[in-house]
Structure formats: C-alpha cells, structure tokens
Amino acid sequence: MSTATTHDEHHEHGPATGLMRWVTTTNHKDIGTLYLWLSFIMLLTGGAMAMVIRAELFQPGLQLVDPNFFNSMTTMHGLIMVFGAIMPAFVGLANWLIPMMIGAPDMALPRMNNWSFWILPFAFTMLASTLFMEGGAPAFGWTFYAPLSTTFAPDTTDFFIFAVHLMGISSVMGAINVIATILNMRAPGMTLMKMPLFVWTWLITAYLLIAVMPVLAGAVTMMLTDRHFGTSFFDAAGGGDPVMFQHIFWFFGHPEVYIMILPAFGIISAIIPTFARKPLFGYSSMVYASASIAILSFMVWAHHMFTTGMPVAGELYFMYATIMIAVPTGVKIFNWVATMWRGSMTFETPMLWALGFVVMFTIGGFSGLMLGVAPVDTQYHDTYFVVAHFHYVLVTGALYSIIAAFYYWVPKWTGNMYDEKLGKIHFWWSTISVNVLFFPQHFIGLAGMPRRIPDYALQFAEFNMISSIGGFAFGLAQVFFLYIVVKTIKGGEKATDKVWEGATGLEFEELPSPAPYHSFDEAPAVK
C-alpha cells in the first residue's frame, strides 16, 4: 500500500464510516469540529455549575447547597471553563483554519493531532467523575493552592492531578503540531510577515504552551509527591513553603491567561477588516505587539501575590511590569479602531461580536490595570472585583471572539448561512445579560465581598440578586446559541463562494493589502 493512502484514514477496506470515521480521523477539519463540539459541551457543563453558584448567591444565607459542594462548584467551574471550554475551542479553530490560511493540505502531524484530541474527553470524564466519589470533587479553587490541595484535600485530588497531566500532554502535542505546520507547510510566497494574524497569534500561543505546560505538570507532580511520597515541597512543617506553590502556579498561570486571549486577537484582526472593508491598520505592529505581550507575560506572575508579604522592591517591579503589558495591548485596541475609522462598515453578526469584544475586553483591561497597582490591590485581592475583572477578559473577551469566529466562518465550514436575525438576537441577549451579570460585581468587590464564599453580608443582597438574574439570562442565551448552531448545520440559505462580499456592493479585491488575501474568504480552496 502506498504511503499516500496509509497517511490518511484509508485502510484496506476503504475510508472509515460512521462513528469510526470520527474516532480514527486524521483530517484537520474533522478534528477541528471535534474540538469545537467538545468545548461547547464543556461550556454548557461549566455554565451549569456557574448556575448553581449564582442560585446559591441569589439571596444571603445558605439555602441550596452544602458550603463544601459550593466550593467544589467554583473549583470545577473554573477548571472546566479554562481547560475544557476556552482552550479546546481555540485549538479547534486552529485546526480548521491554519492549514487553509497558509495553503497547507493538513496539519503537519495528523495522527498526533487525532491523539491530542482524544485524550481530552477522558481527562474531563475523570475530572467530572470526582463529583460522584466519596469525599466529593476537589473544593480548593481552580488555582488549587497548597496546603488546601495537599494536606487538607480529599483522595479525589489524585484524579484531578492525573486529569491535569492529560490536559497538559494534549496541549503540548497540539502546540508542537501548530508550530511544525506553520514553520514547514506555508505555501510558496507566504512569508512570515504575510501570514494572517490568526496564524501569527497561534504561532506565539503555541510557544507559550510549550514553555508553561511543563511548569504546571511540575506543580501537580510536587503536589502528588507531597500527598503520597513523604516530600514536603509545600508543607511548612517539613521545611517546605506554601507560597512557593503560588510562585510555580502563577508562573504557569499568567502566560496561560494570554494563551486564552492571543488567538482571540487573531480572530478579531480577521473580522474587523472584513466588515470595515479596509486592510488591517498596522499589521507589523500587531505582530510585534503580540510577541511583546507573550514575552512580558512571563515577567509579571507575582502580581497575583501582592498580599503574600513580598518586599516592597518586589511589589514595585511586578507593578511596573504589569502596567507595561497595557502598552502593546493598547496598540492592538487602537489599531482595530484605526481599521474601522472611515471604513465602509456594516454590522453583520460576526462584526457585532467583534465590536462587543473590543469594548468589553477594554473594560476588563482597565480593571486589570487597577488590580496591577500594588497598594490598592490589597483591598481588591480575593474580592468579587477580581471575579468581575477576569470574566470581562475571558467571557466578553475570549468567549466572544470564539462565538464571533463561529458566525464568521461557519458558512465556509457548512456551506450554509446562519440565520442573521437569530444571530443578532443572540448577540444582544448575551451582551445585555453578561453586563447585568458581571458589572455589579465590580461594586460588591470594591465594597469588600470576598469571592468563593456561599454566604455574604446583607448589604450585598441586591447586587447579588441582579447579578444572578443576569447569569441565568446569559446561560439561557447560550442554550439559544446551541439551537442556532444545530439549525445552521442542518440547512438554511446556501453560502456563496465569497461569503462576506457584496454586503454593501463593494468589491473586496479592489483594496490593496499587505497580506496575499485579506481573510479566509479569499483563501485558495484546498483540494
């Protein structure tokens, strides 16, 4: 048998069909689809856990769940959303889009691609199964600080440790694949500085993943040996240091938050030029800004630790380094605004999500600057202000860009147009409810309400009720999104060759551009 056939899923009996096609596939589009569906299932699972949290906080007092189960929910919600919803969605988009954007027939390592996906459902099943075990699911927060996760944690923590190892292995393999593909398989003439920005942001993200995933693996391995093999890395009684755990965790954790936002920058940089009908403003500055964000992300980890009693010199360094990250991020925001400036803008659904991203991600950026100021962080730290901040970055930032990407590229993926009216309803419904959900949390946080607590003082009752109502509405909007997704896959108006052209009668090709094509819409079809 020739290597040409063995390379893909063609076996002696022809290509696999039905279920086996999905299990054995090495096709980048199939694997991208699998990642996207897994991440959607995880989004709804993690969202259901958030609904438990918001239902408990609807009124002061303890009403629905045991406080320990409440803590399990906050822990599992965070882990599932970060490792199960946001990251796999971006990997799915990378699988679908990168080969087409650079003119490659597939990813560089198709079989490893299949394996790095199929590890994940087992990892998340193992993590979720702890909910049904004696001792209950881990309840130490998604940051799993020692000694809560070592000395005082239930036996189910070992399942959590193994699940985290599996997710890390999957991420590293995916990152190696992305780098190998981008560096080795670009079409002739596609130099690095001609690649679409989504490809650039993923190249940078992949290097971040390879750098920080082993750090996380180290942290959970030290946890494991502390728990079962008599070491005391994090146990002060044995000469260890619990604060060291935070240093190791955040040295992974801070680049991780940029892993969850850099691909979003690439998506927004594809969508805004399309609907402004102008080439992206400042292409090269966008590339350099992305790279500098990635480098700076390694230098700011202890801004999560201003309250651990570090020396003033340390606080000053981490404060200045943190505020420096605002510079390249600001460059990106201004470049997007400059792209829209005097463009022939139209407001189809993907553009609405992209604009929502720019506005609300900026709010998250400003609250992040506030948290980066060491003297006042003492008041903000571990309050709902932090919760509001990172949800503006991860929900109205990362998640919004993923939804924008779905609406933007789904006509290419399925051949069907989504329902424009329903897409706009989904946008406004989500945007109003997500602000009702998270904006009040800034205020209760500034007033001192601690996070991860199932009960609270009477003065916070009204804002918590408002926040919970927003939460239920936002959750419902994503169930509505599921309806839109299924409806689009099943049928609808057929998409044309150039999906986003002619919305205003302007021909896209007439515009000069630094890149060989402005967007995926103009990419040569890959046979």
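**Exercise 1.** Which residues in H9 meet which residues in H12?

*Solution.* The model is predicted: local features need pLDDT of at least 70, side-chain atom pairs count only at pLDDT 80 or more, and totals for chains, interfaces and linings use all residues. Residues are numbered from 1 along each chain as its sequence is written, and side-chain values use heavy atoms, without hydrogens and water.

Step 1. From H9 come Ala264, Phe265, Ile268, Ile271, Ile272, Phe275 and Ala276; from H12 come Pro350, Met351, Ala354, Phe357, Val358 and Phe361. Contact means heavy atoms within 4.5 Å.

Step 2. By class, this contact of H9 with H12 has 13 nonpolar, no polar and no charged residues.

**Exercise 2.** Describe how H9 and H12 pack.

*Solution.* Step 1. Helix H9 covers residues 262–276 and helix H12 residues 349–372; their axes are 9 Å apart, at an angle of about 125 degrees.

Step 2. H9 and H12 are therefore oblique to each other. Angles under 35 degrees count as roughly parallel, over 145 as roughly antiparallel, 65 to 115 as roughly perpendicular, and the rest as oblique.

**Exercise 3.** Classify the packing of H14 and H15.

*Solution.* Step 1. The axes of H14 (residues 384–414) and H15 (residues 420–446) come within 7 Å and cross at roughly 165 degrees.

Step 2. That angle makes H14 roughly antiparallel to H15.

Step 3. The residues of this contact divide into 15 nonpolar, 11 polar and no charged.

**Exercise 4.** Check the span of H3.

*Solution.* At 1.5 Å a residue, the 29 residues of H3 (residues 28–56) should span 42 Å, the expected span being 1.5 Å times one less than the number of residues. The end C-alpha atoms are 42 Å apart, which agrees.

Conventions. Helix = DSSP H or I, 4+ residues; strand = E, 2+ residues; numbered from the N terminus. Axes fitted to C-alpha atoms, helices over the stretch in contact; angles between N-to-C directions. Nonpolar A, V, L, I, M, F, W, Y, C, P; charged D, E, K, R; others polar.
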